[in-house]
Amino acid sequence: MRKPQLRAALLALVLTVGTALPAAAFSDVTDDAWYASAVAEVSAAGIMNGTTADTFSPDEQVTRGMVATVLWRLAGSPAPTAASGFSDVEDWYYYADAVAWAQAAGVAAGLGDGTFGGGGIVTREQMAVFLYRYSQYAGHELANGVLDIYGDVDSVHDWALEGMAHAVGSGLITGTDEGTLDPAGPATRAQLAVILQRLMTPAVG
């Protein structure tokens with residue numbers, strides 16, 4: 001793919017955090033959906049927006065670039081002091097400023113090989129680590145939730161345990177209907193909207 005085509009494709013990804021609309025304006029978000037109020041709140045705040053002019057795509061999986069972007073917006077979209085050091089993030093990518101901020105703020109550490117992997121799907125445990133680091137950055141009270149009550153706690157990677165304990169203890173992430181943490185499961189846009197709504201009014205429980 002030539003650079004102009006690649007640029008157009010990546011700019012199109014901005015639609016994953018596109019035009020802000022109230023939840024009622026999204027044709028795929030019903031008023032009685034469990035995430036409807038969250039979509040309305042984060043959309044009205046301009047933190048997370050539609051995938052098209054009138055759709056939200058609640059079941060679409062979340063990428064690392066999306067998470068960096070919404071957390072950056074939640075922080076007030078601060079201007080980065082320098083470009084990120086990640087070799088796979090060019091300065092014209094829609095999430096370039098967000099990733100540069102996230103790296104400088106300690107919210108994103110990359111994949112350990114010098115790359116960020118902005119198009120990679122975010123797992124629940126990766127999301128937990130992003131949230132934990134953002135909470136540290138924002139000065140939120142940190143939690144230490146009990147993970148042993150979940151049958152698949154041993155599936156959580158060591159690098160994600162602290163983040164998962166905080167996310168669960170603060171109510172940002174809850175167990176699945178099956179009573180598991182499902183750390184390797186992908187996060188969806190609906191789940192991200194609910195998490196952001198909770199993060200906007202943090203409370204440790």
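**Close-up 1. Ser-135 as a buried residue of helix α5.** In this predicted model Ser-135 is buried, because its relative accessible area is 1% and buried means under 20% (exposed is over 50% and partly exposed in between, with a 1.4 Å probe and protein chains only). Ser-135 lies in helix α5, where helices are DSSP runs of H or I with at least four residues, numbered from the N terminus. Leaving aside neighbours within four places in sequence, Ser-135 is in contact (heavy atoms within 4.5 Å) with His-140, Leu-142, His-166, Leu-172 and Leu-199. Residues are numbered from 1 along each chain as its sequence is written, and side-chain values use heavy atoms, with hydrogens and water left out. Because the model is predicted, local features need pLDDT of at least 70 and side-chain atom pairs count only at pLDDT 80 or more, whereas totals for chains, interfaces and linings use all residues.

**Close-up 2. The crossing of α5 and α7.** The axes of α5 (residues 124–138) and α7 (residues 189–200) come within 12 Å and cross at roughly 20 degrees, the axes being lines fitted to C-alpha atoms over the stretch in contact and the angles running from 0 to 180 degrees between N-to-C directions. α5 is therefore roughly parallel to α7, a term for angles under 35 degrees. On the α5 side Arg-124, Met-127, Leu-131, Tyr-134 and Ser-135 meet Gln-191, Leu-192, Ile-195 and Leu-199 of α7.

**Close-up 3. Met-127 and the largest nonpolar core.** A nonpolar core is a set of buried Ala, Val, Leu, Ile, Met, Phe, Trp, Tyr and Cys residues joined through side-chain atoms within 4.5 Å; the largest has 60 residues, and Met-127 is among those with the most contacts inside it, together with Met-48, Leu-71, Phe-116, Leu-181 and Leu-196. At least two residues of this core come from each of α2 (36–44), α3, α4, α5, α6 (158–169) and α7. Not counting residues up to four places away in sequence, Met-127 touches Val-62, Val-67, Val-122, Ile-173, Ala-187, Leu-192 and Ile-195.

**Close-up 4. Helix α4 and Gln-103.** The buried residues of α4 are Ala-96, Ala-98, Val-99, Ala-100, Trp-101 and Ala-102, and they pack against α3 (64–74) and α5. Gln-103, also within α4 (residues 96–105), counts as partly exposed because its relative accessibility is 31%. With residues up to four places away in sequence not counted, Gln-103 touches Ser-84, Gly-85, Phe-86 and Ala-108; from C-alpha to C-alpha, Gln-103 and Phe-86 are 9.0 Å apart in space, although 17 residues separate them in sequence. Just after α4, Gly-106 takes a positive phi of about 80 degrees.

Key:
Parallel < 35°, antiparallel > 145°, perpendicular 65-115°, else oblique.
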